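Dear colleague,

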Amino acid sequence: MKLSRVLASGGLAVVAGLFLLGTSSRNVDAATKQVLNWSEPSSLETLDPDQVDDSVGGEVLRNSNEGLYVLDGNNKLKLAGASNVTVSKDEKTYTFTLRKNAKWSNGKAVVAADYVYGWRRMVTPATAAPNAYLFDGIQNAEDIMNSKKSPDTLGVKAVGKYKLVVTLDKTIPYFKKLLVIASFNPLNENAVNKYGKKYGTSSKYTLYNGPFVVKGWTGTNDKWNLQKNNYYWDKDQVKLAKINFQVTKSTTTSYNLYQSGKLDETLLSSEQARQLKNNKEFKSLEQARTTYVDYNTTRKALKNKNIRKALSYAVNRKQLVKKVLGDGSVVSKNFVPEGLTSYKGKDFAKDAQVKEASEHSKTLAKKYWKKGLKELGVKKLTLTFLSDDDDTSKNTGEFLQSQYETTLPGLTVNLSDMPKKNRITKMMNQDFDLVLTGWGAEFTDPLTYLNLMTSDNVYNFGKWNNSDYDKYVSSAKNDNASDAAGRWKAMTNATNVLDEEQPLALLYQPTSALLLKSNVKGVKYNSVGGFVWKNAYIK
């Protein structure tokens, strides 16, 4: 769900996974106005689960729609749209029994055919879904995406109204974890056909089956709301009547709104976090996210590995996280963030770490720079650095510009910051040299990151291509899929190639610092996926 997300400023003390603010929802005062006012750092882009690729859209969809599973705080997997699942001995056939009381927001039943339609639409080439690659491993998905087979042959079928059978081509160890992603949600075919190309482009051209429905989003405005879905199967657990959202890119603005009582939550800048860390309403949340600089290797200069290495060595990441961010973010050890997954007690980020990937050395930076310039036959370079126009991104860009230009003689870096939507468009068109971006885990497995840099992945914006890397990732997904040790080794090997070739420069693993009113209770948080408001209430 998330193409390069806008990175929120964080706090100083990390709180893992879940926070439940307050006591049981049984204590809700019926007389209290159950309206929550929430800020977002960037705009909502789409409500079509086949097109969403940003963190805000993903978070809104997770609270307004529901698939077979949800993450119920602390990254805990919980059955949702399904009430039961059985798995065959070879782990290639999953049979889901759906809830018979699940309904769409128009009162129609959510049935197995809705999942079949949604999944087929996702892998249909004409849909051009950025996350279609996640279906790789479901029977015939790869051939369908390559236009070799019809979407009707996808390994998903409805047996009656409430039984869904999924057949895999191969074992997928993390298959259940995938099913929390919006891409695997059901879709109502009648609604999609009714709205056509408009589906998901505004709140009125969408159907919902989750705790809330979206209202007031026209497709371009920066204010919208979630309202309780009275057709939701578990509506008795939903206490909030409405959640009002507004986009505030400046934490100064959002903090002022928070102080005046117009917001119940606000993200904080690093300076604000330092000043407010002792405030009783201060929270700091760990994110399963990596922030990095992506290099456009279609550019001659950045196709040169020595130039890429020079740029990486020029950056003092410790100074970045302590003095520029100052919010509890930590220097990245790996493309895969710490705490995402482990094997035999070993955290992948640490076990597969290559120190050089995040090391700062002016000597090595100058060495590789000199060598790279010689290979290119030039004495100077001018590069454009692309980033979002929020405070954190702009501050980070200015810091990196200074690091690059003061360390590497003959380098000029021009900064270009813009709204996230525009930045993403430029990335998709390879219209950049360097870009500040990030990735938040979609599921709790290293492949949620390692997939991105394979040569044919839609999120490989810099178009880096390495056959050894592709081979190792393929091995983890195919030959070694059922061999935990072999799979771990293959993913480690892929990381080693990534670190040696430097198609991207790791920066940091962020945290989010925020203030949340003390009378807001029951909010849940997943480091993979963000906030869950289903059980939230105002006391």
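Predicted model: local features only at pLDDT ≥ 70, side-chain atom pairs only at ≥ 80, totals over all residues.

Residues are numbered from 1 along each chain as its sequence is written, and side-chain values use heavy atoms, with hydrogens and water left out.

UniProt, in an unreviewed entry, lists residues 82–458 for "domain: Solute-binding protein family"; such annotations may be inferred rather than shown by experiment, and their positions are given in the numbering used here, with feature names shortened. Over residues 82–458 the chain is 31% helix and 21% strand, with 30 Å between the end C-alpha atoms. Helices (H or I, at least four residues) and strands (E, at least two) are DSSP runs, numbered from the N terminus.

Four strands make up an open, antiparallel sheet in the order 4-5-7-6, where two strands pair if DSSP finds at least two bridges between them. Its edges are strand 4 (82–87) and strand 6 (156–158), each of which pairs on one side only. Strand 5 (residues 93–98) and strand 7 (residues 163–167) are joined in the antiparallel sense by five bridges, and Thr93 has Thr167 as its bridge partner in strand 7. Helix 2 (residues 112–123) packs on this sheet, touching strand 5, strand 6 and strand 7, and its direction makes about 155° with that of strand 6; axes are lines fitted to C-alpha atoms, for helices over the stretch in contact, and angles run from 0 to 180 degrees between N-to-C directions. Contact means heavy atoms within 4.5 Å.

In helix 6 (residues 251–259), the buried residues (under 20% relative accessible area; exposed is over 50%, partly exposed in between, with a 1.4 Å probe and protein chains only) are Thr251, Ser254, Tyr255, Leu257 and Tyr258. Because they cover an arc of only 160° around the axis, they lie on the same side of helix 6, the arc being that of the directions from the helix axis to the C-beta atoms. Among the elements that cover them are strand 1 (35–40), helix 7 (270–276) and helix 13 (391–407). After helix 6 comes Gly261, whose phi is positive, near 85°.

Lys303, in helix 8 (residues 300–303), counts as exposed because its relative accessibility is 63%. Leaving aside neighbours within four places in sequence, Lys303 is in contact with Thr297 and Arg308.
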